[in-house]
Amino acid sequence: MRILQQQFQVAYSYPVYFGNGFFEEDNPELLNFLNNASESIANRKLLIYVDKGLAEANPMLLKKIGQKLGGQKDISLAAEPVILQGGEIIKDSSDALQQVLSDVSNYGIDRHSFILAIGGGAFLDAVGFAASQAHRGIRLIRVPSTVLAQNDAGIGVKNGINQFGKKNFSGNFAPPVAVFNDFDFLKTLDDRNFKSGMAEAVKVALIKDASFFEWLEAHAVAMMKREPEAVEYMIERCAELHLEHIRSGDPFESGSSRPLDYGHWAAHKLEKLTQNQVLHGEAVAFGMCLDARYAVEMSWLKTEDYDRIVALLRQLGFILQLGELSQSSVKVKDLLLGLDEFREHLGGNLCISMLTAVGNSIDVNEIDHKIMGATIEGFAN
């Protein structure tokens, strides 16, 4: 018997920009990137997708895109920007996937061309998944338009859509070629969607950086007032910690540990049980409190740390009781099914990150369903 052992490594590198007005005439960054990325290949095409909610909130956006990107020498718009429904609904069917694949075929988009996706986290997930499927991967540029997308969903390497009632059942790991975080887009977010994204900042602080958690405590009022300096630092630091984990950890999740999904096993299930009435960040806030309370019950986490977590999330406007959070009744046994789905999605053994202190966590492979059930009951009213 002979064995040929294949082994190779592929390096990924992409910039994440932070700034204002990337589609304004006097901001050269987006064009500079496109020109530098295409300098060795002439006549590349650009296919653009825009989140419907973002387009409606920014009536001049499509015109600005045309003025900014039309008439370039080596980059041409393949078509007018395509508007797709944003929010979690875009991930609940394959419509967006088929739309993008059809457009790629019809407009002759090749692997050296670009797809530019502008929108929220779910929108970027769905369009990114489609981009990764066409020709085994078309170069994707993400322009996240929400707090959640700018500090988490839009900057990493995941893409996916929901199927069979399960969050991100179909998906892959396909890094973008660039991310442009435009703070101007945050100005049109309603309060609910704005604060939802801050849950991910609390999450990454809890598992990675106690000093950042202290900063969040000190600047919660400023963030709720949308003071630019505080909001922009929160997004940049959160993004920095996420990128650092991806870079130094397990970017394609070949192992079992997923610290960046702290609080997410319950969050993902809660979203589906409420037909997405509960936003992702709202569900994550609840999931973090649930797991933190469980950690207290298991004597891993001090009560005073738990109290700080609850106080910060409440100060940021999050509802932490199931009865108030959801208009529909959520049963304990149904929410507990999220544990099995979380294990199944990752594969292998169950692996849940649990806090031992603010800024520190451990991985546990078993959850006491009786204690977790009782913990859920404590948040029921």
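One cavity of 30 Å³ or more is present in the structure, which is a predicted model. About 30 Å³ of space lies in the largest cavity. Rolling a probe the size of a water molecule over the atoms shows where such empty space is left.

The lining of the largest cavity draws on several stretches of the sequence. R258, D261, Y262, G263, H264 and W265 take part. D291, F342, C351, I352 and S353 complete the list. Two elements, α11 (264–273) and β10 (352–357), each contribute at least two residues to this lining. By residue class, the lining holds five nonpolar, three polar and three charged residues.

Helix α12 spans residues 280–297 and includes E282. The relative accessible area of E282 is 8%. E282 therefore counts as buried, since this value falls under the 20% cut-off. A polar atom of the E282 side chain lies 2.8 Å from the backbone nitrogen of L279. Residues up to four places away in sequence aside, E282 touches R192, S196, Q277, F318 and L325.

Burial also marks helix α8, which covers residues 198–208. This helix is mostly covered, with 10 of its 11 residues buried. The buried residues of α8 are M198, A199, E200, A201, V202, K203, V204, A205, L206 and I207.

Key. Residues numbered from 1 in each chain as written. Predicted model: local features only at pLDDT ≥ 70, side-chain atom pairs only at ≥ 80, totals over all residues. Heavy atoms only, no water. 1 Å grid on protein atoms, 1.4 Å probe; cavity = no way out; pocket = protein on both sides within 12 Å on 5 of 7 lines; lining within 4 Å. Points joined across faces, edges and corners; volume = space filled by probe spheres on them. Helix = DSSP H or I, 4+ residues; strand = E, 2+ residues; numbered from the N terminus. Nonpolar A, V, L, I, M, F, W, Y, C, P; charged D, E, K, R; others polar. Buried < 20%, exposed > 50% of the residue type's maximum accessible area, 1.4 Å probe, protein only. Polar contact = N/O pair within 3.5 Å; in protein donor to acceptor, adjacent residues only side chain to side chain. Contact = heavy atoms within 4.5 Å.
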